[in-house]
Amino acid sequence: MGTGRRARTRRRTAVGSILAVWVAAALAAGCTAPDGRPGDDGRGASQRSPRESSRGPGEPLGPSVLAVKIDNARAARPHTGVEDADVVYVEQVEGGLSRLMAVYATRLPDRAGPVRSAREADLELLRQFDRPVLAFSGAQSKLMPLIESAPLKAVTPESESGVYTRGTGRPAPHNLYLRPERLMDRPPGPEALTTGFRFGRPPADGTAEDTLTVRYPAARFTFTWSEADSRWLVSMDGSPALTTEGERLAPATVVVQYVTVRPSGFQDFLGNNTPYTETVGSGEALVLRGGRAYEALWNRPDAEDGTTFTTEEGERMNFARGQVWVVYAKAS
C-alpha cells in the first residue's frame, strides 16, 4: 500500500467520526493476553519476577515485564534473543537511525542484545506496564534522574554487573548482552502484557499486501509476507534480519503506528538532537496480518493506559497470535 493512498484515506476521514471512534475505543479498552503465545505455561500470577533480591523497598510483588533496549546499528546485527520477545518496538533515534525495545513476558531468551542506552521517550512508552524491568546500558547524565524517578526497575551493568556479559567477535559497544535467567526466576506470564492489544480473528475487509517498507531518515524496515511461514519476514536496510542462529525475524503482526516525533531536550555527543516519539495520544495506524493490510485508529489516553486499536468503523482491531512488532512512524 503506497504512502499516497494512505494519506488520501486519512484526508477523507471526518474529524467527528474519529472522535466517535476514540470514545468507543476508550469504553471498550481492556488488556487481553496473547493466549496463543509459545512458552505460556498458564501459571498466571503465581509466577514471580524479578527476583526478591532485585526488588527495591516498596516495589510490588506482582509480575513485571522485562524490557531490553536493543542496539540496531549494522555492527550490532544479527540480534540475539529478539525472536523470543512478545512485543518489539521500533523507534527513531539520533541521526535518523533506529533502536529496538524488546519486551518479554511469556518466555525469556538465554541472552538478549546487544544492549544499548535508553532514551527519554522510553519512559513514556513503558508507563503502560506495571513497574517494568528496564535493561539498558547507560544514558545521558541529565536523563539518569528521570530514569531513577520513573516507575520502573532500572538494570544496568553498573547496578547489576552479574547479569551482563561481553560477547566475543564484536567490538564494544556492540557486544554487551543481558542474561535474563540471572535476573528473573521465570517469565512473568501473559498477564504482565498490559499493552491493550487484543488477539483474535481479523476484520472482514483489508487489502492484500505482500510487502511494506517504513523509512526513517537513515534506516528502513521492510516486511514481506511469507505464506509458507504465515509470518512477516523482516529486512533492515535492505538485508534480511536474522537471529544469531541464522533464522529470519518474523512477527505474526506488524503495526505501523503514525505518531508525533519531535525534538527532545537531549542530544548525542555529536550534537544530534534525540527525537522524542510521543506514544500517548491518538492517530492512525496500519496493521499487517495474514498477508493483508488494515487501516486502523489508535488511542492511548494516558501514559498508564495500553494502546487500543480500532477499525475506522469503531470495531476493535484484533492481532494475529504471536509476536507483534510496533513500528513508530512520523505522522504526515
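I began at Ser235, which stands opposite Pro240 in E13. I keep in mind that this is a predicted model. Strand E12 (residues 231–236) runs antiparallel to E13, and 2 bridges join them. Stepping back, I found both in an open sheet of 4 strands, ordered E10-E11-E12-E13 with antiparallel pairing. The edges are strand E10 (211–216) and strand E13 (239–240); each has a single partner strand, so one side of each lacks a neighbour in the sheet.

Next I looked up the partners of E17. Strand E16 (residues 281–289) is joined to E17 by 9 bridges, and the two run antiparallel; here Gly283 has Trp298 as its bridge partner. The hairpin of E16 and E17 has 2 residues between the strands, and Gly290 takes a positive phi near 60° there. Strand E9 (residues 207–208) pairs with E17 in the antiparallel sense over 2 bridges, with Thr207 partnered by Ala293. E18 also pairs antiparallel with E17, over 4 bridges, and Ala296 has Thr311 in E18 as its bridge partner.

I followed the chain past E18 to Glu313, in the loop between strand E18 (308–311) and strand E19 (318–319). Glu313 is exposed, with a relative accessible area of 58%. I noted that Glu313 forms a negative surface patch together with Asp205, Glu312 and Glu315.

Definitions and conventions. Residues numbered from 1 in each chain as written. Predicted model: local features only at pLDDT ≥ 70, side-chain atom pairs only at ≥ 80, totals over all residues. Heavy atoms only, no water. Patch = residues over 30% accessible without salt bridge, like charges linked within 9 Å, V, L, I, M, F, W, Y side chains within 5 Å. Areas by Shrake-Rupley, 256 points an atom, 1.4 Å probe, with all protein chains shown as cover. Salt bridge = Lys/Arg side-chain N within 4 Å of Asp/Glu carboxyl O. Lys, Arg positive; Asp, Glu negative; His and termini not counted. Charge placed at Lys NZ, Arg CZ, Asp CG, Glu CD. Buried < 20%, exposed > 50% of the residue type's maximum accessible area, 1.4 Å probe, protein only. Pairing = 2+ DSSP bridges.
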